[in-house]
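Biologist: I've got a model open and I'd like to learn how to read it. Can you walk me through a few features?

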Amino acid sequence: MTLIGQALAVASKDIRVEVRGRHGMAAVLPFSATLLIAFGLSLGPGRALLLQAAPGLLWLAVLFAAVLAFRQAYHAEGEDGALEGLVLAPIDKAAVFLGKASAVAALLLVLEAVVVTLVAAMFGMHLGHAPAALAATFLLGTIGLAAVGSLFGVLVESARTRDVFPLLLLPLATPVLMAGAKATELVVGGRTSEVGSWLGLLGAFDVAVVGVGMLVFGHVVED
Amino acid sequence: MASAERIMAAFTARRSERALGVLAVAALAASAVLSLVVSPPDAEQGNLIRLMYVHVPAAWVAYLAFAVVFVASVAYLVTRKTRWDRLAAASAESGVLFTAMTIVLGSIWAKPVWGTWWTWDPRLTTTAVLLLIYLGYLAVRHLPDSPGRRARWAAVVGIVGFVDVPIVHLSVRWWRGLHQAPARLIGVPDVSPAMGAALGVGFLAFTVVYLYFLVLRLRVGRLEDRVMAEALSPRIGQPVETLLEEAARG
């Protein structure tokens, strides 16, 4: 099996687990909705302020919900020695990394579709200007986020190390938060021509973390 | 790699440790005299300019320390020798200390000059994110129960964190305003020779202090590992490295 084939096998396993159990989405989707309502309540009902804050709050909700999503994705691996099985499987460790990251990325994209719809409805954000640019922003942001999260997701497996995970993920993912929020702001503001460099930045982040992740993931899961 | 290990061994000998300590105190004293007495007050900022002689060297040492963490982390994953892990740990602790110092000294400087403790300037923001990333690194170092796992996880964080920093910096620069250069709130001060000397000796002094901290922390790290290894193993008297590497493997 090629690296891609192996990664797809791991990803499809994770997605199958999620589709059958829906353990992740059952907690993560309501959580992100709760966050958005809390953001709205904390800023007051003024439409102008809400609209101005919407892109940043959107990505903040995605980031916080992602922390929860990674917990769910790796929690299942901690049960019945599933992770040991995965690590001992005769496949490339880089494939395990890519597979887990792709599965979480797929999950996050579903989550983001819901969050974007909610933000559009509740904060009055207009989405129609450039759907392709908006989709590219979320796709590129999600890849980087999923890669960082999957690399350190093993930390959530044990109760002692679980709480450090957000402390690592949130600062490391600041480029996703900033570039994602700025690109979204430009797209919904109709200034699509300026979005290119932000997408480039997200792409550079993706290449860096996916590349480093493939190189070092074997060291993370070694025992 | 072997020659790097020899250099490390030479630096960490007890005699070099004492020499570094003496040099650090002397350099700090020279830096204090130059920056407080010899160098003139700045035309615009007056005596506030003297903060530059500690703030800028602290920032330099912070970045140097994290670069050392990166190199040592890569070296650990490649060679799996415990000494590289100890070097990464020692350098990260110094790095966090000097990063925090940079931010505090910078804030003290910014309040009278810029009129605020904090602005979302690219360098400030990057430094704050940097501090958070390496606080996360130190938190990871405190967690896993097995020394081998701790070293591997920490090395991965040390590598990813360092790769992340330029991207963070670039994103904050653009985030401030894509089409304008980073805001310059103060002009470049006219540098007199005495000011240049004060800054140069400041760099030297902080670098030597960093090396001294590093060497001290390495010795403490070796002692910690020895205590741990002897507690774990009934075979007292074996070289610590062997015991630890066995522990890491098993």
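Predicted model: local features only at pLDDT ≥ 70, side-chain atom pairs only at ≥ 80, totals over all residues.

Biologist: Which side chain does A:Glu222 meet in a salt bridge?

Modeller: The general idea is that side chains of opposite charge can pair when their charged atoms come close. Here A:Glu222 pairs with B:Arg152, at 3.5 Å from N to O. Between chain B and chain A the count is two salt bridges, and over all chains it comes to 13.

Biologist: And what does A:Lys13 pair with?

Modeller: A:Lys13 forms a salt bridge with A:Glu77, 2.8 Å from N to O. A:Lys13 sits in helix 1 of chain A and A:Glu77 in helix 3 of chain A, so the pair ties together parts that are 64 residues apart in sequence.

Biologist: How many residues of chain B are in contact with chain A?

Modeller: 33 residues of chain B touch 28 residues of chain A. About 2,900 Å² is buried between the two chains, and carbon and sulfur atoms give 74% of that.

Biologist: Now helices. At what angle do helix 5 and helix 6 of chain A pack?

Modeller: Two packed helices are described by the angle between their axes and the distance between the axes. For helix 5 (residues 93-123) and helix 6 (residues 131-152) of chain A, the angle is about 130° and the axes are 8 Å apart. That makes helix 5 of chain A oblique to helix 6 of chain A. Their crossing is right-handed.

Biologist: Which residues make the contact?

Modeller: Among them are A:Phe97, A:Leu108 and A:Glu112 of helix 5 of chain A, and A:Phe138, A:Thr142 and A:Leu145 of helix 6 of chain A. The contact residues of these helices divide into 13 nonpolar, two polar and two charged.

Methods. Residues numbered from 1 in each chain as written. Chains lettered and ligands numbered in written order. Heavy atoms only, no water. Axes fitted to C-alpha atoms, helices over the stretch in contact; angles between N-to-C directions. Helix = DSSP H or I, 4+ residues; strand = E, 2+ residues; numbered from the N terminus. Parallel < 35°, antiparallel > 145°, perpendicular 65-115°, else oblique. Left-handed = near helix turned anticlockwise from the far one by under 90°. Contact = heavy atoms within 4.5 Å. Nonpolar A, V, L, I, M, F, W, Y, C, P; charged D, E, K, R; others polar. Buried area = accessible area lost by both parts, 1.4 Å probe. Salt bridge = Lys/Arg side-chain N within 4 Å of Asp/Glu carboxyl O.
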